[in-house]
Amino acid sequence: MHYDTFVTNWVLDTVKRDYAEDIALVVSHTTLNMNEAKDTISYFVPITDRGRHFAQTFILGGRGYDIWGIAWDRLEHFANLEEYNITVLADAKLLWARTEEDAARFENLRQQLLRNLSDPETARKQALIAYATAKNLYPQLLFAEKSEIRVFAGYVLDYLARAIAFHNHDYFRRSQTYQLEELSAMAQVPTGFAENYLEVIRTHDDEHRKHLCHKLICLVRDFLAVDSSNPQEHNFQDLADWYAELAYTWRRLRYYAGQNDPIRVHMWGIVLQNELNDVCGDFGLPKMELMSEFDFDNLAPFLARADALEARMRQHILQNGGSIREYSTPEEFLHEV
C-alpha cells in the first residue's frame, strides 16, 4: 500500500473512531504536492481543544507528512482572500464531514471565496495589498547580504505576481512555484514582467537583481494604476474630506517657499507626496509627481507644480461628485453647520 494512502486511511479511521466530536472535517488538498496524489489527507478542521491537538508531523518512508488543523475562523480568512495560499480552500476536496451542515458550511466558504475573487472592489483591494507588501520588502532587499538577497528578491517577485493575479480575478493554484506558467494563462500581465521575473532568478549579479526588482515594482505600480477600477466606483466625498485635511499642507508649502526655506519645503513636500501616492492608488488616479520638481536652490518650479497638483486634485473631486466643504467667513461656516 502507498504511504499516502496508508496515512490518509489512518487519519480517517482515527478521526471517525476517536475524534468524531472534536473534528468537523478531513480535507484533501494536493496542488502543492510534487506528485499531486489524489484524495490524500492535507488538513482537518478542529472544533475543540482536543481536536486541535490531533495535528501530526512525522516522516514515513522518507516522506514528510504535516497533518495540520485549520479552524473555521481561519477558513473565513481564506474565503475573504486574506490568507496567503487561498488554493488551500479553493482547490480542496472533502474526505469526511462530521455532519451535512459542516459539509455545507465548507462548500459555502468555497463559494464565498469565488464570489470575492470575482468582485472588482475586493480583487482590487487585494491586488493593492499584495503590491504594497512587495514594495515594503524592497528596502529590506537593499540592505540584505548573501543568501538573504535572493530570499527578499524572491518574495518581491511572489507578491508582485499575486497582485497581477488578483487584478485578473485569479490566484495561483501552485503558490509561488509555477507562477510564470500560471501567469501565461491570464489575460492581463504587464509587458516584460515574465522576462524580468526570470532574469531576477537567473542573474549572478546581486546589484542587478536589486535593480530588476525595483524595475518590476514600478512596472506593476503603473500596470495597476493604468488598469485600475472605474473611478466612479469610488466615493469621491472621501477624497474631498482627505483634501480638506491636506489643504493645510499645501498652505505650509507656500508659506515656507515664501520664506525661502528649502528644508521645510522638502520635508512637508515628502509628506504631501506620500499622501498623493496613497490616494492616487486608492482612487485610480494617475500618479501625481511633486518631489521630482524639487530644487534646493530654486523653489519656484516646485511651488508651481504643487499649485498645479492642488488644482488638478480639486478638479478630480468636483468632477466625480465630491463636495469640498470650504467657507469664506465664520458666518458662512455657522450658517452651514
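**Exercises on helix packing, burial and backbone angles**

**Exercise 1.** Identify the residues in α12 and in α13 that meet in this predicted model, then describe how the two helices pack.

*Solution.*
1. From α12, Val265, Gly269, Leu276 and Val279 take part, and they meet Phe302, Leu309 and Met313 of α13.
2. Sorted by class, this contact comprises six nonpolar residues, one polar residue and no charged residues.
3. Gly counts as polar, and Gly269 is among the α12 residues in the contact.
4. The axes of α12 (residues 262-282) and α13 (residues 300-319) lie 13 Å apart, at an angle of about 30 degrees.
5. Angles under 35 degrees count as roughly parallel, so α12 is roughly parallel to α13.
6. The crossing of α12 past α13 is left-handed.

**Exercise 2.** Determine which residues of helix α9 are buried and how they are arranged around its axis.

*Solution.*
1. Within α9 (residues 193-202), the buried residues are Phe193, Asn196, Tyr197 and Val200.
2. Viewed down the axis of α9, these buried residues fall within an arc of 105 degrees, so they line one face of the helix.
3. An α-helix has 3.6 residues a turn, so residues three or four places apart point the same way.

**Exercise 3.** Is serine 175 buried or exposed, and is asparagine 260 buried or exposed?

*Solution.*
1. Serine 175 sits in the loop between α7 (147-167) and α8 (179-183), with a positive phi near 55 degrees.
2. Its relative accessibility is 6%, so serine 175 counts as buried, the cut-off being under 20%.
3. Asparagine 260 lies in the loop between α11 (236-258) and α12, and its phi is also positive, near 50 degrees.
4. Asparagine 260 has a relative accessible area of 57% and is therefore exposed.
5. Most residues other than glycine have a negative phi.

Technical notes
Residues are numbered from 1 along each chain as its sequence is written. This is a predicted model: local features need pLDDT of at least 70, side-chain atom pairs count only at pLDDT 80 or more; totals for chains, interfaces and linings use all residues. Side-chain values use heavy atoms; hydrogens and water are left out. Axes are lines fitted to C-alpha atoms, for helices over the stretch in contact, and angles run from 0 to 180 degrees between N-to-C directions. Helices (H or I, at least four residues) and strands (E, at least two) are DSSP runs, numbered from the N terminus. Angles under 35 degrees count as roughly parallel, over 145 as roughly antiparallel, 65 to 115 as roughly perpendicular and the rest as oblique. A crossing is left-handed if the near helix is turned anticlockwise from the far one by less than a right angle, and right-handed if clockwise. Contact means heavy atoms within 4.5 Å. Buried means under 20% relative accessible area, exposed over 50%, partly exposed in between (1.4 Å probe, protein chains only). The arc is that of the directions from the helix axis to the C-beta atoms.
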